[in-house]
Every structure is written in C-alpha cells, then in structure tokens.
Amino acid sequence: MKLNKKEKVYEFITTYSSEFYHDEYPKFTTNFLSQKLGMQRTNLSSILNQLVKEGKLIKENGRPVMYQFADPSSQGEQVFEQLIGYDQSLKEAVSIAKAAVLYPKGKSNILLTAERGCGARFFAEIVFQFAVKSGVVRSNVNLLSLNCKDYKDNPDFRRKKIFGSETEAGLLKQSEGGIFLIKNINMLPEYERRQLFTSKERGMLICGIEPLIDQEIYESLKANTEFEIKIPLLNQRPLGERFQLIQKFFMEESEDIGKNPETNANILRALLLYEAQENIVSLKKDIHTGCVNCYARERQGKRKFIEMVLSDFPKHIRKGMIYYKVHKDEMDELVSDEYIYAFTDKTMLKKQAQKDDTDRNIYQAIDAKKRQYKKQQMDEEEIDVYVSAHLEEDFLQYYNGLVEKIATREKLENIVSQKLIGQTEHFLKLAATTLHTSYDEKMLCALCMHINACLIRKDTKQRISNEEIGEIIASNPKEYELAKEFIKSIEIYFQIQMKVDEIVFLILFLNHGREKRKPQVVTLIAMHGDETASALAQTVYALSEEENVYAFDLALDKNMKDAYEELKQVIMEIHQGRGIIFIYDMGSLRTMAESIAVETDISIRYVEAPVTLMGIACSNKAGENEDLDDIYDYLQENFRDTRYDRDYDGKNRMIVIASQDYDEAALIQNYITEKMEWNHIKIKTVVTNHEGYLFNTLDKLSNEGIITAIVGTYNPLLAQYRFIDAKRLMETEKISLEEYLQLQETEDETGITEAYEYLAGNFPDLNMAKIEVFLTDFIQQAEYLFDLKLDENKKIGLIIHIVCLLDRMQKKYTPSVSFIASSIIKKHGEMVHEVKKILEPLEKEFNVYINDTEIATIISIIRES
C-alpha cells in the first residue's frame, strides 16, 4: 500500500530514531529531513507541525527549530501522574497497570481489588488514558463500564447490557479494540463470567471486586486474569497523600462556589485523621458538606476568602483529633498553628496566623484557646481533647517565655521572695537526685516565676480535664510524688489552696527542664541488703557530681524471680545505648545480669566487689574463735584473685544438674552416665531449693569452664544457659549431647509448626503458608523493637491471636473490645506507630486495616512475656 507524504515522513523518523537511539532519540532539523526525503521545506514544515499536534513528535523552538520522535510509552506514563500517590502507595499498582497494558499478547485482563470509595473507577480511567497514549487502544473509543451491583435485581437486563441481543451489540462486543471495566464482577453467575473471559470479540477486561468476596470466586477470577492490582484503603496511605487529596477537593470546591475557603490547622488535622467510612469518597463528600455550609453562612459577604469553622463539617470529622497525639510528629510536618490555609481553584495558600500574646501565662493561653474553639461551636468534651493535644506544646512556649524574661538568680531575687526561692531550690535538688538528672539556674528562675504568679493570682478554676490529669500522672509516677509534696509544702507555708492543674504543670516543668545529655556508659551498683547499693551510689554522686551511677538493692527476703524482673527493669531503664558497668557483691547478681544481657541484648561488663562475702567470711571465722592474723591470712588467700571476667580457654565444658532433691539429682546423673553418650562432658550437681544459692553456685562454676546446659525438672529461666528438661531427656534413646540439643531445638520449632497446621485446619479460607512467612518476620522485628525474646508459648499465643484477628477482619465481624487498649495508645503512642509500620506488609498482603486498638492489644500480649 502506497504511503502518503505524512506517513512517509513519520515512517522515516521512526526508523531513523530506532537505529540511532543513544540515551535519547536523535533530533532533526527541517533542512536535514528535506535532504533525506527530497521534499520541499515548506511542505515538510507543515507535515511536521501536524505530527507535533498529534503527539507523535516533540518540537523544540530555537534556531534552528528541532524535532524529536515522541516515544508513545514514555509519553503515556505521564498520565499516571494524575494519581495522587503514583510514586508512593500506588507505585506497585501503576507498575502492574503499565505491564498489563503493554503486554505483547494483547487482551490481557486485570483483577482490580479495592474497597468502596478507594478510587477504583478513576484508576481504571487513568489506565485507559495510558492505553490510548501508548497506542494500544484506539483514540476514538471510550472506556466502557458496568457495575453489576446496579442490576442485582434485574439479571436479564444486566445480561442483555453485557452480551447484547440479536439486534443490538452488548458492551462486551462494543469494547473490542478498547477496555471494558466490570465492577463487582463476582456478582455474575459462573457461566456468565466464563462467557466473558472466553469471548474473542472483546477488548481488555478490568474486573473490579471488593475484598473479602467468596474465596472460590476469587480464585476463579485470579485464574482468568493475568494481572492483579490492589488499591490501598485511605487510612493505609501516607498522611502526605491524604493531605494532597484534601487540597485537591478544596480547590475543586473553590472553583464551584466562586470563593476561597479558609481553614485553620485544627480543621486540617481533623480531616487528616478521622476515619472516613467510604475512604476517598467520604473525604470528598465531607469536604463538600463543609464548604456548602460555610458558603451558605458567608454568601452575602463581599469577601473572596470565607472562614470555615469546624461545625461546618459533619460531627464525625471532629473525632480525628483523638488520634493527634499518636501522629503528632508526622502531622506537624504537614500543618502548623502558625499558618491559616486558604484554597483557590488553582492552589493552596498559607498566610501567617495572628500570634498569641507571648506575655500570657499558661492559664491565659489555655483560656484563649478555649474561646477560639467555642467560636467554632465545639462542645466541652471536644474542646478538652484539643486542649490536651496541644498542652505540652503550649507549655513549652510558656516555659521558653519565662526563661527569656528572667534567666539569672540575681534578677530573680529582685522579684521573688527568698523563702520561695529556697523552697523551690530544695525541691529541684530532691527531684534531680530522685530522677537522676539535673536542673540549671534557668529552670529555677522559670519555676519560681510560675509559682509566684500562682500565689498572686489565687485562681481556683480548673483548665485541664480530669482525664488528661490522670494520664499525665499515670505516665509520670515519680514526678507526681515529687510535685504533690512540693505543692503541699507551698500550701502550708503560704496558706493558699493550689489548683489541681498545678500538679500537671509541675510535672511538665520537671520533664522539660531536664538537661539534655549525650548517651553515656552507666554504672550499676548491685548489692545484697535493703539500702547497701543505694548508700554507695549516693556517696559516689556526692563526690563525683556525675549522674551516671545507679543502684539496685537486693533485699535478703526477696523472691528471686521478682528480683530478676526488677533488676531487668532497672537495667532497661538506665541503659543509654553505650553499655553498663555492673559492680556486684555476690555471684547470684552476676548470674541474673548475664541472663538479662542475653535477653535484652544490652552490653554489660562485670566487676566483682565481694565485700559482702568478705564480711561473712570474717564473721564466720571470728565465730569459730580464730585469731586476727588467721582471719586476715584467710582473706588474703581466698580473695586476692577476685576476677572481673571468666578466664578459661573454652575446652572445659560441663553440664549442671539442678534439683531440689538429692535422689532426683542422683537419678538424673545415673541416667546420663549410663544411657547417654556424654562422656566428654563434666557433670556438676547443685541440690537446693533456694534460687539465690543456685545462682551463686552457677557463677562460681562459670569460672571453671563453659556451662553447656542446665538439666533438671524445673527451668530457672536463665537466658545465657540452655535448659534440658530431665523428664524429656529420660524418654530419649542413646544420643550425644550435641545431637540432643539439636533435636530439642527442632522439637521446639515443631510446636510452632503444629500450631500453624492446627490453624490451617480451622481457618481454611486463610492462606496459612503466606501468613507464616509474614508473622515470622513480624515476630523477629517485634522482638528487636521491644528488646526482648519471646518463648515458644508466647509466639504461639501471638500467632493464634493475629490469625483469629485476620479471620474476623476478612469476615467483617464486629471488632473485639479491649479495655486496656486506650491506656496503651495514650501512654505508648509512638510504640503503636512503630508496630503499625512492621504490620503494614501483612495489612497490604491480606488487604486489611489493623486499627490502633487491635495494635494496642498485640502490644499487651508481647509485653506480658
């Protein structure tokens, strides 16, 4: 077939460009093409401009004018930039869509999974535009679509719409050479779905479904589609993307109403955080409702910019502020109280908000905020939530203002009484000792100024909600006790009744006034006795003035399991990331600390200071009526080689039989000697019902060699040693120690494997093999995050809980109620956020959203371990 002039020009440019492509396509001048094609430049210029208009060439104005081949596929990719999140949350979806459209065999089918309101229709339209730009679909056809849900009560008419009749072509036939979007395709009977997929007279199919459809239908659809795309829920997408959507919808409203909506930061925070029931659709509708109400109120005014208030929006929007504390860091990067945000039909504008009077005290600042919120027609409960969310931020501004006014004691003494300064100074010294920190002169000045203002004002009105007061007190028990006693002393001396709010403000002063220090190696003195270690630590502090030495007192009547947990808590609290020097008086403390080091992965170095043992030895020898020199010689002989570390070459290995009964210990030893092939291992026996004695003995034995394992009928739960259950051991045939330990490890793993097998049988709709992969990774990350090791039983409990949760969510059952979740969310919001991040792959794979309440429950299970 003979080509016309335009086709001839385009064919030459296409061929030449593919042959000489290097990093980019070559550029042509009209003169170059005229010589190659033997055409007049004027005619050629007209043809080239036509090709530019058709998007087939790119024109660069200049001298000379240059033309370049426009790659249809790269040009088409730009259409995806219309999707907010195309390079983030929708990146994978976009990548799959491109592959599906450009699939060389043609007529590939896409399974598009999305909850109602997530933007499946708009995504399909963008895919269609890409197909047109890429030359896969003709430019003179439209995207055809049908929602099967609209015809659920009229199946005959639906069938006619899709497949047509003898006299009229259906949508399927009409889609030939184009794309057909069928939403809720799972509502079609099986024979109609089969007819759709097997028809040769059709275009590409995009089969839309919602999650949690019948598993058999889902598997059937997957089998008949080459590509699967999942659109995330709105609350699974980054807040930055949600903010872009909010801006887009406000700009659209601005164009519709002819005015520019103006909002403060609180309105935007609420829109960013509330739970939109129908995802993007709900967000768009709620913004529309707010703009309509605002326009109705302000339409008579001449101002182009109209001020929106929170009451313009549906009430459920306000609930978003409940989550502000959890997402505060991320939120503060997006919106700020320093600005007012206005929306034109083209962009979002930010202008500086009117600044508060910096001379206000904290009470005046809170009162001003409450007046502002009341102006927005918020009720008292909502106002309390907002005030609580910004309390620390407002306090910090107030604190910095105080510091700027008076920063030296000399100036302070001209304003505040010496008695108040003395009482405040005493309070801060006590707080510094109790909290292991320090407070500078600026802190003294700020706190004195605050208390002085309270004494002058004599205001009894409560500004902070009881709930917020309770939360702050619960999160800061030591600070609360200090603040309570200080307020009591102020009330007695100055004969005044202080407001309950002052408890909170004093706690905030103690927290914000602490000096920030670089992480250090810390020292922990651990000794037997009620206050032995504490007295030493106090002495060290008094002489060195460095606040990096801590104490652990082990009362003589303390249960060892309780002592272990308390010591672990202290070690975790004082650790600053650079390790701990552990000074101890007896081996039981070292044994516990070694186990804690393994369990928490904290680096600890041990220094023995056996003053308690030396004192016991002196006392016992004196009781045996030995003379002074004999006792002295005994101490020199037995304590001169006190070591700080274990000194052995690793060749001397042993197992320790730990039992509370001599006969039982003998039975275990005889079985090992006669039935096991453990002849190269030394056997040591410790018979006691006192864990302190056991720990001391293990410490001594550790200096003789490596303890490979502890054998017994009860587990002392020491993480640095393997434990062998004697009952299980005696059911084992002749085997070496190495083989037995390997067998035990395999059996432990078998317990988890059996748990998954049990769950697979009880939850056939869940892909348990896939869940196992995700949960194995989640548990490893959780152990790292919480700085602990979960035993087999805890892992199984966590696995069962999460599997049941997935089943409930996929079947859309009513969420479970957790009475402790709210407390965890408020006290450990950052931890909730971190756990949410490591659960995201699981959410994405199984297309579920695990809310903060469920995450808090998971945290409670992990922390119980």
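Which helix holds the place of N696? N696 sits in helix α30, residues 691-702. The model shown here is predicted.

**N696 and its contacts**

- N696 has a relative accessibility of 16%, so this residue counts as buried, the cut-off being under 20%.
- Beyond its neighbours within four places in sequence, N696 is in contact with M586, G587 and S588.
- A polar atom of the N696 side chain lies 2.6 Å from the backbone nitrogen of S588.

**The largest nonpolar core**

- The largest nonpolar core has 88 residues.
- Inside this core, the residues with the most contacts are F250, L271, L412, I451, F505 and F509.
- Helix α20, residues 441-457, gives the most to this core, with ten residues.
- In soluble globular proteins, nonpolar side chains tend to be buried together.
- F505 is in contact with I362, Y363, I366, L391, F395, H450 and I464, leaving aside neighbours within four places in sequence.

**Helices α17 and α20**

- A packed pair of helices is described by the angle between the two axes and the distance between them.
- Helix α17 covers residues 391-405 and packs against α20 at an angle of about 105°.
- That angle makes α17 roughly perpendicular to α20, because 65 to 115 degrees counts as roughly perpendicular.
- The axes of α17 and α20 are 9 Å apart.
- On the α17 side, the residues that meet α20 are Y398, Y399, L402 and V403.
- On the α20 side, their partners are K442, M443, A446, M449 and H450.

- Helix α37 has twelve residues, 852-863.
- From first C-alpha to last, α37 reaches 16 Å, close to the 16 Å expected at 1.5 Å a residue.
- Ten of the twelve residues of α37 are buried, which leaves the helix mostly covered.
- The buried residues of α37 are D852, E854, I855, A856, T857, I858, I859, S860, I861 and I862.
- N851 caps the N-terminal end of α37.
- In this cap, a side-chain oxygen of N851 lies 2.9 Å from the backbone nitrogen of E854.
- E854 is also one of the buried residues of the helix.
- N847 lies in the loop between α36 (829-846) and α37.

- Phi of N847 is near 55°, a positive value in a residue other than glycine.
- N847 is buried, with a relative accessible area of 12%.
- N279 is not a glycine, yet has a positive phi of about 55°.
- N279 is found in helix α13, residues 279-298.
- With 6% relative accessibility, N279 counts as buried.

- Q576 is found in the loop between α25 (560-574) and β15 (580-584).
- The relative accessible area of Q576 is 29%, so Q576 is partly exposed.
- Q576 and Q520 are 56 residues apart in sequence, but their C-alpha atoms are 6.1 Å apart in space.
- A polar atom of the Q576 side chain lies 2.7 Å from the backbone nitrogen of Q520.
- Not counting residues up to four places away in sequence, Q576 touches K518, P519, Q520, V522 and Y550.

**Other single residues**

- E479 has its place in helix α22, residues 477-494.
- At 8% relative accessibility, E479 counts as buried.
- E479 touches L435, I507, L510, N511 and R514, not counting residues up to four places away in sequence.
- E216 is found in helix α10, residues 215-223.
- E216 is exposed, with a relative accessible area of 64%.
- E216 and D765 are 549 residues apart in sequence and 9.3 Å apart in space, C-alpha to C-alpha.
- Q364 lies in helix α15, residues 362-375.
- At 39% relative accessibility, Q364 counts as partly exposed.
- Q364 and Y16 are 348 residues apart in sequence and 76 Å apart in space, C-alpha to C-alpha.

Conventions. Residues are numbered from 1 along each chain as its sequence is written. This is a predicted model: local features need pLDDT of at least 70, side-chain atom pairs count only at pLDDT 80 or more; totals for chains, interfaces and linings use all residues. Side-chain values use heavy atoms; hydrogens and water are left out. Helices (H or I, at least four residues) and strands (E, at least two) are DSSP runs, numbered from the N terminus. The expected span of a helix is 1.5 Å times one less than its number of residues. Buried means under 20% relative accessible area, exposed over 50%, partly exposed in between (1.4 Å probe, protein chains only). A polar contact is a pair of N or O atoms within 3.5 Å; within protein, one must be able to donate a hydrogen and the other to accept it, and residues adjacent in sequence count only if both atoms are side-chain atoms. A nonpolar core is a set of buried Ala, Val, Leu, Ile, Met, Phe, Trp, Tyr and Cys residues joined through side-chain atoms within 4.5 Å. Contact means heavy atoms within 4.5 Å. Axes are lines fitted to C-alpha atoms, for helices over the stretch in contact, and angles run from 0 to 180 degrees between N-to-C directions. Angles under 35 degrees count as roughly parallel, over 145 as roughly antiparallel, 65 to 115 as roughly perpendicular and the rest as oblique.
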